[in-house]
Amino acid sequence: MTPSELEVMRAVWEITEEGEIATTKTVRKRVNEGREEKLYGQIIYVHIGHLAEKGYVRIERTKEDKRVYIPLVKKEDYVAKQAKNWAKFWKQSTASYAMMALGKNIKKEEKEELRRYLDEMD
């Protein structure tokens, strides 16, 4: 995914995780939150088209002929695959790459969150 496509895909994941329907309008609104240079619906649709070609989303149409975007790849699966690719690139284990990505100065809350996550794996 290109950075722009990833930005659009992130919006699709967020919207659908919240139980909402991802449409051009809802995705555009989410992508444009806090963004200085706003994206138009046509640009969103072009990115969604590329994401569909790459197998990340499926485009469906409602009875009202609105486009609805259904993620075909889970966010967690995408992130895990990317982390493994970067770990392989840097010739690190996935765990050591994750630690490298976190850095040495993580906040107390982040450490606690990491501990909870590791405890859930047992």
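The axes of helix 1 (residues 3–17) and helix 2 come within 9 Å and cross at roughly 115°, where axes are lines fitted to C-alpha atoms, for helices over the stretch in contact, and angles run from 0 to 180 degrees between N-to-C directions. This is a predicted model, in which local features need pLDDT of at least 70 and side-chain atom pairs count only at pLDDT 80 or more, while totals for chains, interfaces and linings use all residues. Residues are numbered from 1 along each chain as its sequence is written, and side-chain values use heavy atoms, with hydrogens and water left out.

**Helix packing**
- Helix 1 and helix 2 are therefore roughly perpendicular to each other, a term for angles of 65 to 115 degrees.
- In helix 1, Glu-7, Val-8, Ala-11, Val-12, Glu-14 and Ile-15 meet Thr-26, Val-27, Arg-30 and Val-31 of helix 2, contact meaning heavy atoms within 4.5 Å.

**Val-31**
- Val-31 lies in helix 2 (residues 24–32), helices being DSSP runs of H or I with at least four residues and strands runs of E with at least two, numbered from the N terminus.
- Val-31 counts as buried because its relative accessibility is 3%, and buried means under 20% relative accessible area with a 1.4 Å probe, protein chains only.
- Leaving aside residues up to four places away in sequence, Val-31 touches Glu-7, Val-8, Ala-11, Leu-39 and Ile-44.

**Strands**
- Strand 1 (residues 57–61) and strand 2 (residues 67–71) pair in the antiparallel sense over 5 bridges, pairing requiring at least two DSSP bridges.
- Ile-59 has Tyr-69 in strand 2 as its bridge partner.

Conventions
Buried means under 20% relative accessible area, exposed over 50%, partly exposed in between (1.4 Å probe, protein chains only). Angles under 35 degrees count as roughly parallel, over 145 as roughly antiparallel, 65 to 115 as roughly perpendicular and the rest as oblique.
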